[in-house]
Amino acid sequence: MRTHVQVNGYASWSAREGFGTHWDDHDVIVVQVEGSKHWRLYGPTRIAPVHRDTAQPEPPPEQPIADLVLVPGDVLYLPRGWWHAVAADQGVRSLHLTCGLTPHTGADLIGWLSEMLRTTEQVRADLPLHAGPDAQAAYMRSLREQLIAALDEPGLLEQFASARDAEDLGRLRPALPHLDGVPADPALCVRLTTGRARLTSAADGEGAVVVRFAAAGQEVDFAPAVEPLLRRLLGGGWIALAELAAAAELTVADAAAVVGELVDAQAATVGGGLR
């Protein structure tokens, strides 16, 4: 879903509630694994509340709009802001997983856009706090034009989503014992540490066309000939170094050098065999 996901496990041996009636600032998908869990749902009292909001939601109503018991295999979706209370009060122990999905909001887009606009002289310039009204008005007009032009850029939301994908750290795995270099071992296996890596065509500082690999908050530029190797990794799973070399018609040593760059960027890990 192109967003941060956090999974918590909740094991209960008593009917005492852990959190009371509350709401979350992220969407929730609940999976009941063992036993049962009693959920009382009250609905939202503020639309789309977020972390560090400007106001707190009003208290929930006294009576729930839904009262249900989850049993193994049941799945429950709760949008952010929905008040709920949970208890293992059915006389059996309970285990469920809560998957929290943090959605992207307009505030996130604006924050990201402000970072992108730092490339412009107008945004980097000092605010004319001590200038006269005419100079301040001219500055605001210029800044407004820049913001509107940026918001009107085609594909802006996809650019934002791709940028956030490239920041996802995934599941970090140390590439032991190869932290100081990946050997040219055809049987050595490689996999990415994140499923949200992105591959684009770009130009380097000298204007040459490169393949830009973005993942785990890092960007690495490669020669276009490396693209088949990188796309093979994007498919997921453990892949032998020999297979990666063959995909791009490279030597195993050259493929190992490429993988070494990804390991240094914490975007890939290596292991001794297929898994």
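This report walks through several helices, strands and sheets of one predicted model.

Start with helix α7, which covers residues 252–264. It has 13 residues.

Which residues of α7 are buried? They are Ala-255, Ala-256, Val-258, Val-259, Gly-260, Leu-262 and Val-263. Among the helices are α5 (227–234) and α6 (241–247). Among the strands are β8 (189–192), β10 (209–215), β11 (218–222) and β13 (268–271). Just after the helix comes Gln-266, which takes a positive phi of about 60°.

## The sheet β12-β8-β13

Two of those covering strands, β8 and β13, belong to an open sheet of three strands. The order is β12-β8-β13, and the pairing is antiparallel. β12 (239–240) and β13 stand at the edges. Each has a single partner strand, so one side of each is left without a neighbour in the sheet. Helix α7 packs on this sheet and touches β8 and β13. The direction of α7 makes about 120° with that of β13.

β8 and β13 are joined by four bridges. Within this pair, Val-190 stands opposite Val-270 in β13. Strand β13 also holds Thr-269. Is Thr-269 buried or exposed? Its relative accessibility is 2%, and buried means under 20%, so Thr-269 counts as buried. Setting aside neighbours within four places in sequence, Thr-269 is in contact with Arg-173, Pro-174, Ala-175, Cys-189, Val-190, Arg-191, Thr-193 and Trp-238.

## The sheet β9-β10-β11

Another open sheet of three strands runs in the order β9-β10-β11, again with antiparallel pairing. Its edge strands are β9 (198–203) and β11, and each pairs on one side only. Neighbouring strands here are turned by 30° against each other on average, direction ignored. β10 and β11 share five bridges.

## Strands β3 and β6

Now turn to strand β6, residues 82–87. Five of its six residues are buried, so β6 is largely enclosed by the rest of the structure. Its antiparallel partner β3 spans residues 37–44. Here Leu-41 stands opposite His-84 in β6.

|---|---|---|
| β3 and β6 | six | Leu-41 and His-84 |
| β8 and β13 | four | Val-190 and Val-270 |

## Helices α1 and α4

The last stop is a pair of helices. α1 covers residues 106–116, and α4 covers residues 156–167. They pack at an angle of about 85°, with their axes 11 Å apart. That angle makes α1 roughly perpendicular to α4.

Which residues meet at this contact? From α1 come Asp-108, Leu-109, Trp-112 and Leu-113. From α4 come Leu-156, Leu-157, Gln-159, Phe-160, Ala-163 and Arg-164. By class, the contact has seven nonpolar, one polar and two charged residues.

How values were computed
Residues are numbered from 1 along each chain as its sequence is written. This is a predicted model: local features need pLDDT of at least 70, side-chain atom pairs count only at pLDDT 80 or more; totals for chains, interfaces and linings use all residues. Side-chain values use heavy atoms; hydrogens and water are left out. Helices (H or I, at least four residues) and strands (E, at least two) are DSSP runs, numbered from the N terminus. The expected span of a helix is 1.5 Å times one less than its number of residues. Buried means under 20% relative accessible area, exposed over 50%, partly exposed in between (1.4 Å probe, protein chains only). Contact means heavy atoms within 4.5 Å. Axes are lines fitted to C-alpha atoms, for helices over the stretch in contact, and angles run from 0 to 180 degrees between N-to-C directions. Angles under 35 degrees count as roughly parallel, over 145 as roughly antiparallel, 65 to 115 as roughly perpendicular and the rest as oblique. Ala, Val, Leu, Ile, Met, Phe, Trp, Tyr, Cys and Pro count as nonpolar, Asp, Glu, Lys and Arg as charged, and the others, Gly among them, as polar. Two strands pair if DSSP finds at least two bridges between them.
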